[in-house]
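I am opening a notebook page on this structure, one entry per thing looked up. The model is predicted, and I keep that in view throughout.

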Amino acid sequence: VQLQASGGGLVQAGGSARLSCEVSGTVTVYAMGWFRQAPGKEREFVGGITWSGGTTYYADSVKGRFTMSRDPAKNTVHLQMNSLKPEDTAVYFCAAKDYRTTYFNDQYKYWGQGTLVTVSS
């Protein structure tokens, strides 16, 4: 199973960016998640989405600004990021889990390589 993230880059504060993550391989995905890790900080949960129903859950820090969506036909999940702030600068990772867990923000089994988003002030 491989997760390929794309779409990172340099964005001005207040701008938007869209990340994508394509899943390949033999797996039945239950949910996808996005995490991020800023320099010198621990990795943190950004948002998650169930694969079949599209139920989403977001960290408070991005709620109302970030939106996740999925395209099952293309085995791809997207993270639309609006109103970006310098504190959103981080390497963003997509992840997948193949079974239901109690919480959206943990127990992801498969991970992508990460894509850097830099928000300039």
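**Entry: Thr 76**

I looked up what the side chain of Thr 76 reaches, and found one of its polar atoms 2.8 Å from the backbone oxygen of Lys 74. Thr 76 belongs to strand S8, which covers residues 76–81. I read its relative accessibility as 10%; the cut-off for buried is under 20%, so Thr 76 counts as buried. I then listed its contacts, leaving out neighbours within four places in sequence: Ser 20, Cys 21, Glu 22, Trp 51, Ser 69, Arg 70 and Asp 71.

**Entry: the disulfide**

Cys 21 was in that contact list, and I turned to it next. How many disulfides does a search of the whole structure find? The search gives 1. It is formed by Cys 21 and Cys 94, with the sulfur atoms 2.0 Å apart. I noted 60° about the S-S bond, and the link of Cys 21 and Cys 94 is right-handed. Cys 21 lies in strand S3 and Cys 94 in strand S9, so I record a link between distant parts of the chain, 73 residues apart. Both Cys 21 and Cys 94 are buried.

**Entry: nonpolar cores**

I asked which residues have the most contacts inside the largest nonpolar core. They are Met 32, Trp 34, Leu 79, Met 81 and Tyr 92, in a core of 30 residues. At least two residues of this core come from each of strand S1 (2–6), strand S3 (17–24), S4, S5, strand S7 (66–71), S8, S9 and strand S11 (115–120). As background, nonpolar side chains tend to be buried together in soluble globular proteins.

I took Tyr 92 as the example and listed its contacts beyond four places in sequence. Among them are Leu 19, Trp 34, Phe 35, Val 46, Phe 66, Leu 79, Met 81 and Val 117. Another core, of 6 residues, lies apart from the largest one; Phe 35, Phe 45, Ala 95 and Phe 104 are among its members.

**Entry: aromatic pairs**

I counted aromatic pairs and got 6. In one of them, Phe 35 and Phe 45 have ring centres 5.4 Å apart and planes at 75°, so this pair is edge-to-face. Phe 35 is in strand S4 (residues 31–37) and Phe 45 in strand S5 (residues 44–50), so the pair ties together parts that are 10 residues apart in sequence. Phe 35 and Phe 45 are both buried.

Phe 35 also pairs with Trp 111, and that pair is tilted, with 4.9 Å from centre to centre and 55° between the planes. Here the partners are 76 residues apart, Phe 35 in strand S4 and Trp 111 in strand S10 (residues 110–111). Trp 111 has 30% and so counts as partly exposed. I also noted that one aromatic cluster is formed by Phe 35, Phe 45, Tyr 57, Phe 104, Tyr 108 and Trp 111.

The charged end of Arg 43 is 5.7 Å from the centre of the Phe 35 ring. The charged end of Lys 97 is 4.4 Å from the centre of the Tyr 108 ring.

**Entry: the loop between S8 and S9**

I looked up Leu 84, which sits in the loop between S8 and strand S9 (90–97). Its relative accessibility is 2%, so Leu 84 counts as buried. The C-alpha atoms of Leu 84 and Val 119 are 6.8 Å apart, although 35 residues separate the two along the chain. Beyond four places in sequence, Leu 84 touches residues including Val 11, Ala 13, Ala 17, Arg 65, Phe 66 and Val 119.

Thr 89 is in the loop between S8 and S9 as well. At 19% relative accessibility, Thr 89 is under the 20% cut-off and so counts as buried. What does the side chain of Thr 89 reach at 2.8 Å? It reaches the backbone nitrogen of Val 119. A polar atom of the Thr 89 side chain also lies 2.9 Å from the backbone oxygen of Pro 86. Its contacts beyond four places in sequence are Ala 38, Pro 39, Val 117, Thr 118 and Val 119.

Notes. Residues are numbered from 1 along each chain as its sequence is written. This is a predicted model: local features need pLDDT of at least 70, side-chain atom pairs count only at pLDDT 80 or more; totals for chains, interfaces and linings use all residues. Side-chain values use heavy atoms; hydrogens and water are left out. Helices (H or I, at least four residues) and strands (E, at least two) are DSSP runs, numbered from the N terminus. Buried means under 20% relative accessible area, exposed over 50%, partly exposed in between (1.4 Å probe, protein chains only). A polar contact is a pair of N or O atoms within 3.5 Å; within protein, one must be able to donate a hydrogen and the other to accept it, and residues adjacent in sequence count only if both atoms are side-chain atoms. Contact means heavy atoms within 4.5 Å. Rings of Phe, Tyr and Trp (its six-membered ring) pair if their centres lie within 6.5 Å; planes under 30 degrees apart count as stacked, over 60 as edge-to-face and the rest as tilted. A charge sits over a ring if NZ of Lys or CZ of Arg is within 6 Å of the ring centre and within 35 degrees of the ring normal. A nonpolar core is a set of buried Ala, Val, Leu, Ile, Met, Phe, Trp, Tyr and Cys residues joined through side-chain atoms within 4.5 Å. A disulfide is a pair of cysteine sulfur atoms within 2.5 Å.
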